[in-house]
Amino acid sequence: MKKALSLAIAAALVAPAAAMADATLFGKAHFIVENVGVQPASDAVTTEAWGVDSIHSRVGLKGSEDLGGGFKALYHFEFKVHQDDSADGFGDRNQFIGLASDYGTALLGRHDTPMKMAQGKFDQFGDLPNGDITSVIPGEDRIDNLIAYVSPAIDGLTFVGALVSGELGDSDGQPGKLEGLADHTSLAAMYNNGPIFASLAYNTYDLGAVADADLSLFRGTIVWNDGMWQVGAMFASMDVDKLMDLNDVDSYGVSGHIKVGNGKIKGQFLTSDAPPINTGAFGMSPAVRITAGVNQVDQYSFGYEHNLSKRTIAHVGYTTFDESVSGKEVDALFGGLIHNF
Amino acid sequence: MKKALSLAIAAALVAPAAAMADATLFGKAHFIVENVGVQPASDAVTTEAWGVDSIHSRVGLKGSEDLGGGFKALYHFEFKVHQDDSADGFGDRNQFIGLASDYGTALLGRHDTPMKMAQGKFDQFGDLPNGDITSVIPGEDRIDNLIAYVSPAIDGLTFVGALVSGELGDSDGQPGKLEGLADHTSLAAMYNNGPIFASLAYNTYDLGAVADADLSLFRGTIVWNDGMWQVGAMFASMDVDKLMDLNDVDSYGVSGHIKVGNGKIKGQFLTSDAPPINTGAFGMSPAVRITAGVNQVDQYSFGYEHNLSKRTIAHVGYTTFDESVSGKEVDALFGGLIHNF
Amino acid sequence: MKKALSLAIAAALVAPAAAMADATLFGKAHFIVENVGVQPASDAVTTEAWGVDSIHSRVGLKGSEDLGGGFKALYHFEFKVHQDDSADGFGDRNQFIGLASDYGTALLGRHDTPMKMAQGKFDQFGDLPNGDITSVIPGEDRIDNLIAYVSPAIDGLTFVGALVSGELGDSDGQPGKLEGLADHTSLAAMYNNGPIFASLAYNTYDLGAVADADLSLFRGTIVWNDGMWQVGAMFASMDVDKLMDLNDVDSYGVSGHIKVGNGKIKGQFLTSDAPPINTGAFGMSPAVRITAGVNQVDQYSFGYEHNLSKRTIAHVGYTTFDESVSGKEVDALFGGLIHNF
């Protein structure tokens, strides 16, 4: 239709869009009260403090449109809600556009890596600053500049692959560093059948500024859940020899829970040859984590979750984290409330 | 239900969440045109400028869920909308999760202190950069890391209490500073019956890094409103002797309005022994305000509000602020438009 | 109504707002995959990189209220969604409050200038980091601290005017710089009748800190669109002699597209006497762009858009940009997906 633009401008200013929006609002409110004691690596005095935290509270907007011919367009914009004054406003979570069909879904933007997607429901203390597997086991990355493909599920089997652009350009005057669409890659295969979930995932990271160095990470996960109880195991091995002339850095974890009335008792034990550190130090864009130095890390967590409804959960828990060589130890006692919407 | 996770992943990417969201969007658009003249404390030249400002324009998302047994879960995420290029994106307002029952409401997160909640509708020029009582009277704090309880109203009487964690840890090598759940506290009792609103509130602030120093603040408010006219009075007294070897710093205010047709004429006079300053300088996390030095502050404001609808208000006003010793003076003339949604 | 405030507080905490919100959510998801090659102005090595970008993806909230008597209140809060880790959270787009009637619409806040509004649909590569006319032709400004008026359309003719406050105050000790409501101005007349769109626009910029210097910019646009094909031409002339003792800096552009099945083939050629630079260097608040030095700039763009639906568009394109004197050249090949909601 060829209406007057001038009219259109005035109309756009005055009227809400005509029934065009099908955006769905969603999110999660998760706050905890926490007591954290830290015994530093040096022999400094142990500090202990209480606090209140927002645990990856989030809001988002998503929607999809049927394009006909078996295709759908979809979008998803999700943001982290900080609560502390030191980090005002919003942070970023998954944000992407996609195209879905019977042959799978392609997406473009920021997203969890396939390796992270492939943890299934292994992590019993996800999101918690003390307790999440990310403190011990590498591979829990959400990355921008990602192109991903999720296959349809066939006989319970799904494949997911992602290419990630480093977009750092030419940091040392030598063209060819982090300039491609697949500077980093992540691949995962997931199998889900009845009580069994199993996955294998493999990541490669290009360290760019560090000449000829790159990392690879393999992770396997298996979870058994019969509705009453769950047990899971995870193994991750990072090949760091090109970087540090070390052997592989291996990490292991077991987790589980058992239903008790309207809640569940849960536990998790994780161990690694070395503490994960953020490779931002190597000039990488994605928040990949590698391990440096030999310094065994152990993390034990126990807790109880109580379902106040399908969407509202109260929980309490305890985590202890220690590094065997440095002597660092962190103990956290926490209780919180989660509401999904 | 034990559906294939692989299916769930694909589905999560493609479909909007199934009728789970009950999030309510709300907010306020408030912009003004303002002329501000500043005569600095020194004998520098007076400056005067026109400008356009967003006055705590905001958007938010909130919702609640009936948990059964008389309990409700609730959440509230509210954000300030900046308009000036110098502060892009969003700022933070109240953001919390809560649990409500007939025995009161508990909440966790960032929120106005009970003292701020207890001002009732005393402030006739709330939010305005020139005019709000926050320029003269201490106690208008919104604080993160807060645990609060709001009692049910019994015979018009409500109690509200909040504990606030400083979360600064151990800033001077001495464990024990700002490490608790109640480093700062705020308590308020409010009485509301017919035309009468009255409140008493008491805050304590732990100054942490300043050895052995803490502040306390008492504030009382009374407002009479018979629908046609309103008068209110406020008194605040801050005990600063541990900190500055001064007497208490006292602040007073009176305010009122009278309905005229579809609008109201309003006025407000505030005075204090000393100008409030932000105690961030003392290393405190909450934006408490204390007074330093003896330098009487006066602020007079007059204005007119016109209701264009129940949700839309046009207003004009004038505020003059001066410090008697330094000679600083600020005069502001403003007109604005408010729309609540 | 005079309900107990204490009750109101508890209620506000517990219940969602009663059917008050009429906020409409809207937005756009636009992501591209891009290969960009840059031959710098110096004889440094050409760099080339692939990447994934969010192209001014956005979300917003808007609404209006009928005030009676032919008046409407309206608000619009729109935010840019970044995707790259280097710019977390949200950026700002148009954010304003307004009052509309049969006599036109007045608005207050941040908004595109009338000159930017008056480009019609000339730009065939809008938003794209390589391709948008903003790289060559000045006048594409979105400015905070703006007061605007949009006339009703009479016989296809619409007038728009805006006053912009610099709000920089007195940066050099001399009162009188960027202190008014109309430090910068933008005026536009738009004519729209059948296949013809034509506009004239004129901006003035006060450079504030640069004594006695100001800029003016004239821009004319004409677009013919009969539904099957479109051709457009744009001319802009910036008077910079007060600033740089140069002649006017002129910019020209032609653009067009032709429908092919469910899509369109499009092309655009832009040229200017000098590359636009951001005048932030001159201490101006609005992102106006001026031209400095004599260095002809050319930008050619070609592309194809395919409508997957009325709201979803796939596109591919190529842009080449070069500066004739410096020798700088940028070549970009891109493909993307757009979904409006």
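## Aromatic pairs

Across all chains, the structure holds 27 aromatic pairs. The model is a predicted one, and the geometry described below is computed from its atoms. A pair of aromatic rings is described by the distance of the centres and the angle of the planes.

One of these pairs consists of F341(A) and F77(B): the ring centres lie 6.4 Å apart and the planes meet at 50°, so the pair is tilted. F341(A) belongs to the segment after β19 (329–340) of chain A, while F77(B) belongs to strand β4 (residues 71–81) of chain B, so the pair joins two chains. Both partners are shielded from solvent by the criterion of under 20% relative accessible area: F341(A) counts as buried because its relative accessibility is 3%, and F77(B) is buried with a relative accessible area of 0%.

F77(B) also pairs with Y75(B); here the centres are 6.1 Å apart and the planes stand at 50°, so this pair too is tilted. Y75(B) counts as buried, at 1% relative accessibility.

## A cluster of rings from chains A, B and C

Ring pairs also link residues into a cluster. Its members are F79(A) and F90(A), F79(B) and F90(B), and F79(C) and F90(C).

## Charges over rings in chain B

Two lysines of chain B are placed over aromatic rings. The charged end of K62(B) sits over the ring of F26(B), at 4.7 Å from the ring centre. K266(B) lies over the face of F125(B), and the distance to that ring centre is 4.5 Å.

G317(B) is found in strand β18 (residues 312–323) of chain B. With a relative accessible area of 8%, G317(B) is buried, since the cut-off for buried is under 20%.

Leaving aside residues up to four places away in sequence, G317(B) touches F302(B), G303(B), A332(B), L333(B) and F334(B). One of these, F334(B), is 17 residues from G317(B) in sequence, and the two C-alpha atoms are 5.4 Å apart in space.

## Confidence in the model

The model scores ipTM 0.88 and pTM 0.90. Chain A has a mean pLDDT of 84, and 79% of its residues reach 70 or more. Over residues 1–8 of chain A, the pLDDT is below 50, and this stretch has 12 contacts in the model beyond near neighbours in sequence.

Residues 14–21 of chain A likewise stay under 50 in pLDDT, and the model has 16 contacts for them beyond four places in sequence. Where pLDDT is low, the predicted coordinates should not be read in detail.

Technical notes. Residues numbered from 1 in each chain as written. Chains lettered and ligands numbered in written order. Predicted model: local features only at pLDDT ≥ 70, side-chain atom pairs only at ≥ 80, totals over all residues. Heavy atoms only, no water. pLDDT = per-residue confidence, 0-100. Contact = heavy atoms within 4.5 Å. Phe/Tyr/Trp six-rings, centres within 6.5 Å; stacked < 30°, edge-to-face > 60°. Helix = DSSP H or I, 4+ residues; strand = E, 2+ residues; numbered from the N terminus. Buried < 20%, exposed > 50% of the residue type's maximum accessible area, 1.4 Å probe, protein only. Lys NZ or Arg CZ within 6 Å of the ring centre and 35° of its normal.
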